[in-house]
Amino acid sequence: MATVGRVVVLLWVDILAMYAMYVMMSYLTNVWKIGFTHAAAVVNIFWGVVSLSPLFLSFIADTFTGNYCMLLLSSFSYSAGLGFLTMSTPPVLANSMGNCKEYSPECIGEGQKILFYVAMPLIAFGMGGHMTSWNIFMAEQFSGEEDNLDEGTFWRFFCSVLAVIIVTFVAVLGLPYVKPWSLRFGIPAICTLVATLLFLSGSCSYKYFKPMGSPLTVFFRVFVAAFLKLFYRTPKDSKQLFEIDNPQLYSVPHTRSLRCLDKAAIVIPTKPLEEQAKNTWRLCTVTEVEETKTIIRMIPVWLTFILCGVVSAIGFTYFVEQLDHLNPKVGRLKVPTVALLWFYEQAQNQCVELYVKFTNALGISKSRKLAPSFGISVSMILAILCCITAAKVENRRLGVVQRHGLVDKPDERVPMTMFWLLPQFVLLGGFNGIFNYSAISFFIDQSPVSTHRCLPFFVSGVSGVGILCSVVSVYVVGKISERGGKMNWFRHDLNGSRLDKYYWTLAWLMAVNLVVFIVVAVFYRYKEAELAEQQAEEFGGINEPYDDDSKGFCCCCC
């Protein structure tokens with residue numbers, strides 16, 4: 001179990017890389033001098049890819065590489081990405097590339113730009129790989145030793161986690177006081193390389209498990225089999241469809257919706273059944289077809305989650321840009337900007353705890369089954385309040401900018417304390433915490449049992465789509481705002497823009513989205529009672545966010 005510490009040390013990689021990407025918005029606007037919307041687009045595309053990648057990387061890990069190889073590859077990708085990011089800063093390769101060493105756009109040549117844009121996808125792959133496999137690989141190291149865990153093992157594991165937390169805490173608090181950007185990126189790069197080598201040094205003592213296949217493969221097989229039998233007639237009697245008759249196996253009753261997918265379970269009478277059953281890409285069971293229908297019926301709910309990703313995206317782009325232009329001092333003490341990030345994390349954790357207490361207080365009442373949908377609705381309300389608060393604060397900031405004549409001085413700090421942004425960071429943290437928890441709870445409640453392990457990746461994937469859509473939303477809103485010869489809301493710098501109007505736009509869009517979600521939650525039903533009871537009885541050991549014995553409320557198509 002001493003080798004577990006080498007796995008835990010990979011937390012260095014995640015937390016330090018998170019800090020490096022947290023300050024990326026400031027780096028692009030202060031050093032590269034690109035427009036803040038351009039910088040936000042770069043950062044949002046990065047985080048969108050990070051959020052989407054676990055859904056695809058989990059398929060690769062479960063089907064081909066396994067969790068160890070995925071962790072190792074993603075860790076090396078992390079190290080290379082942060083290394084390239086460090087080398088892309090002007091002073092590092094100035095002599096070899098013939099550029100100046102100052103942190104200014106004139107000193108950034110084509111070579112540095114290439115290194116930067118190569119580093120971003122490498123870091124994204126590293127983050128996605130760790131999100132995919134770290135928890136599972138750690139659980140694999142403890143498998144089969146539940147009865148052999150002694151007090152010494154517990155303390156070794158505890159000390160390794162504590163050491164990582166302390167080192168990271170000191171690094172993150174100290175890095176804001178490091179002025180050179182090459183060191184700000186270089187220190188995480190060095191720590192990441194050390195953590196990767198430590199993880200690699202324990203390779204001989206880890207437990208390894210072969211890939212067992214991804215549950216996502218079932219959905220592909222159903223679509224392929226249904227397409228190959230497109231011109232076959234679906235039998236009226238569902239008992240004529242293929243199903244393995246074994247009471248010990250998990251099965252789902254046939255439903256009459258989405259009958260086109262039933263073609264995947266059609267048995268061709270002219271061929272032996274045994275021969276057809278061997279080719280799972282041409283013949284699927286009714287259970288596999290019904291699980292695929294489940295995912296399709298949840299698409300209306302997923303669509304309402306996209307705008308939540310758009311709102312989440314403003315936290316690590318425009319909020320950070322606002323923060324970078326405000327006064328960070330309290331008296332003579334200069335507070336690092338990551339302090340507000342700490343408040344964001346605390347709000348996220350505390351709101352989840354309050355929500356869990358609320359759901360547990362419902363007991364076994366009928367209202368308990370509505371808890372996930374209620375939590376999603378509450379999170380959307382918090383998102384609306386966050387956008388309204390951000391609009392009010394930005395409007396006040398613009399007033400201070402005009403009074404002090406700073407409209408044409410974007411590099412000067414606005415005489416307004418950064419703690420004006422604290423309410424919107426807290427509201428954003430509460431929104432993200434409750435939304436992520438409730439969305440995963442909802443999917444656990446309503447999705448096929450075989451996909452439960454992939455559910456966090458589904459949620460992050462939908463959020464990733466929303467983050468990518470935020471880039472499009474800024475472009476579309478900007479184009480609409482300049483109609484009739486009016487000024488575009490998004491200028492080159494923050495002081496000349498009207499970010500407050502964009503926040504108001506997000507607020508009313510989220511309000512409309514909330515109404516749409518409520519309508520979907522009311523009119524879209526899915527699980528039959530007997531199906532929910534069957535799953536609760538056979539799969540009561542599934543790890544769920546809370547002990548929900550409801551028969552299933554769902555926001556899905558009938």
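Colleague: Which residue forms a salt bridge with Glu288?

Modeller: This is a predicted model, and the positions are read from it. A salt bridge requires a side-chain nitrogen of Lys or Arg within 4 Å of a carboxyl oxygen of Asp or Glu. For Glu288, the closest N and O atoms of the pair are 2.8 Å apart, and the partner is Arg221.

Colleague: How many residues apart in sequence are the parts that Glu288 and Arg221 tie together?

Modeller: Glu288 belongs to helix α11, residues 286-297. Arg221 belongs to helix α9, so the pair ties together parts whose separation in sequence is 67 residues.

Colleague: Is Asp411 buried or exposed?

Modeller: The cut-off for an exposed residue is a relative accessible area over 50%. Lys33, with 34%, is partly exposed. Asp411 has a relative accessible area of 61%, and therefore Asp411 is exposed.

Colleague: What is the value of phi for Lys33?

Modeller: Lys33 is located in the loop between α3 and α4. Its phi is positive, in a residue other than glycine, and lies near 60°.

Colleague: What is the phi of Leu258, and where is this residue placed?

Modeller: Leu258 is found in the loop between α9 and α10 (273-278). At 31% relative accessibility, Leu258 is partly exposed. Although Leu258 is not a glycine, its phi is positive, at about 50°.

Colleague: In which helix do Glu394 and Arg397 both lie?

Modeller: Glu394 and Arg397 form a salt bridge, with their closest N and O atoms 2.9 Å apart. Both residues are buried. They are 3 residues apart, about one turn of the helix, and that helix is α15.

Colleague: Which residues are linked in a network of salt bridges, and what is the count of salt bridges?

Modeller: The network links Arg259, Asp262, Glu290 and Lys293. With a side-chain nitrogen of Lys or Arg required within 4 Å of a carboxyl oxygen of Asp or Glu, the count of salt bridges comes to 8.

Colleague: Are helices α3 and α6 roughly parallel or roughly antiparallel to each other?

Modeller: Two packed helices are described by the angle between their axes and the distance between the axes. Helix α3 (residues 24-32) and helix α6 (residues 110-142) pack at about 170°, with their axes 15 Å apart. Angles over 145 degrees belong to one class, and α3 and α6 are therefore roughly antiparallel.

Colleague: Which residues of α6 make the contact with α3?

Modeller: On the side of α3, the contact is made by Met24, Tyr27, Leu28 and Trp32. On the side of α6, it is made by Lys113, Phe116, Tyr117 and Met120.

Colleague: With which residues is Ser133 in contact, leaving aside its neighbours within four places in sequence?

Modeller: Ser133 is situated in helix α6. Its relative accessible area is 0%, so Ser133 is buried. Leaving aside neighbours within four places in sequence, the residues in contact with Ser133 are Ala61, Asn67, Met70 and Leu71.

Colleague: What accessible area do the residues of the nonpolar surface patch have together?

Modeller: The patch is formed by Phe220, Val224, Phe227, Leu228, Leu230, Phe231 and Trp281. Leu228 is placed in helix α9, residues 216-228, and is partly exposed at 39% relative accessibility. Together, the residues of the patch have an accessible area of about 780 Å².

Conventions. Residues are numbered from 1 along each chain as its sequence is written. This is a predicted model: local features need pLDDT of at least 70, side-chain atom pairs count only at pLDDT 80 or more; totals for chains, interfaces and linings use all residues. Side-chain values use heavy atoms; hydrogens and water are left out. Patches are made of residues with over 30% relative accessible area and no salt bridge: like charges are joined within 9 Å, nonpolar side chains (Val, Leu, Ile, Met, Phe, Trp, Tyr) within 5 Å. Accessible areas come from the Shrake-Rupley method with a 1.4 Å probe; for residues, only the protein chains shown count as cover. Helices (H or I, at least four residues) and strands (E, at least two) are DSSP runs, numbered from the N terminus. Buried means under 20% relative accessible area, exposed over 50%, partly exposed in between (1.4 Å probe, protein chains only). Axes are lines fitted to C-alpha atoms, for helices over the stretch in contact, and angles run from 0 to 180 degrees between N-to-C directions. Angles under 35 degrees count as roughly parallel, over 145 as roughly antiparallel, 65 to 115 as roughly perpendicular and the rest as oblique. Contact means heavy atoms within 4.5 Å.
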